[in-house]
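Hi there,

Here is the structure I promised to pass on.

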Amino acid sequence: MDGHASDISTVLRDTFGFRKFRGRQQEIIERTVAGHDSVVLMPTGGGKSLCYQIPSIAMRGVGIIVSPLIALMQDQVDALRLLGVSAAFWNSSLSAAEASNVRRDLLRGDLDLLYVAPERLMLPDFLDTLEQVAAGPGVSLFAIDEAHCVSQWGHDFRPEYLRLSELRGRFPHTPRIALTATADAVTRREIHDRLGLESAEEFVSSFDRPNIRYTVEIKDDPKRQLLAFLREVDGRDGEAGIVYCLSRKKTEQTAEW
């Protein structure tokens, strides 16, 4: 596909089963399809993944998804394959034979999405392979997930994220989209600066979740208060919750009670 608006709407409906976009998803996707960079701050559950999955499917070539969460790559790929999307991951969990198969599919243009850890992506031989792909089947986009890992002041800092700015020089015509659910204004500035995304448009979605409310009560008679709360919510369809206690022993005692 060329990645026109009709294409992305078709992918949204036919692949993912949604009738309309949420929030600013469509703006972000259209900007990526048009070849421009973006920085996206969207709460967990807000639909970040569709912002790079849909253009990767709709556009010519493979979308390269950079993620530090190796343990979750398999889940993402399995979910996409169930939807009929040609997706794969390439990380240290693969055997030499499995990695060779992924490389073959990549060079053939048989993949819509490839998930890869930043350490793997920035290896010279991997970048050389991607340049071959870019010259052939094509690289549609680079999605940098968990982009807050670039912040040297954050507890999730990953030094290898700093090298991702090199992608602009090696693949100057490939759009990049950096995504995170965790970034204040200072961290967002770091994402722009350290990833070479100075001209990227920034999309900040509201973190207001009207289905979530917070209340605080003075601790008086905890068991009575907990029982009253449970009776209040009992019977609501689809409701579930968590009761936190200070120790395992107290958790077991409360559960038994």
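α3 is mostly covered, with 9 of its 9 residues buried (buried means under 20% relative accessible area, exposed over 50%, partly exposed in between, with a 1.4 Å probe and protein chains only). The buried residues of α3 include Leu50, Tyr52, Ile54 and Ile57. Helices (H or I, at least four residues) and strands (E, at least two) are DSSP runs, numbered from the N terminus.

Before you read on: this is a predicted model, where local features need pLDDT of at least 70 and side-chain atom pairs count only at pLDDT 80 or more, while totals for chains, interfaces and linings use all residues. Residues are numbered from 1 along each chain as its sequence is written, and side-chain values use heavy atoms, with hydrogens and water left out.

Not counting residues up to four places away in sequence, Leu114 touches Val62, Ile64, Phe89, Trp90 and Phe126, among others (contact means heavy atoms within 4.5 Å).

Now to the pockets. A pocket is an open set of points on a 1 Å grid over the protein atoms alone, where a 1.4 Å probe fits, with protein on both sides within 12 Å along at least five of seven lines; lining residues have an atom within 4 Å of a point. Grid points are joined across faces, edges and corners, and a volume is the space filled by probe spheres set on the points.

The second largest pocket holds about 470 Å³. Of its 25 lining residues, Gly47, Lys48, Ser49, Leu50 and Gln53 lie nearest the centre. α3 (50-58) and α4 (70-82) are the elements that give two or more residues to that lining, which divides into 11 nonpolar, 8 polar and 6 charged residues (Ala, Val, Leu, Ile, Met, Phe, Trp, Tyr, Cys and Pro count as nonpolar, Asp, Glu, Lys and Arg as charged, the others, Gly among them, as polar).

The largest pocket has a volume of about 1500 Å³. Leu226, Phe229, Ile242, Val243 and Tyr244 lie nearest its centre, out of 30 lining residues.

Best wishes
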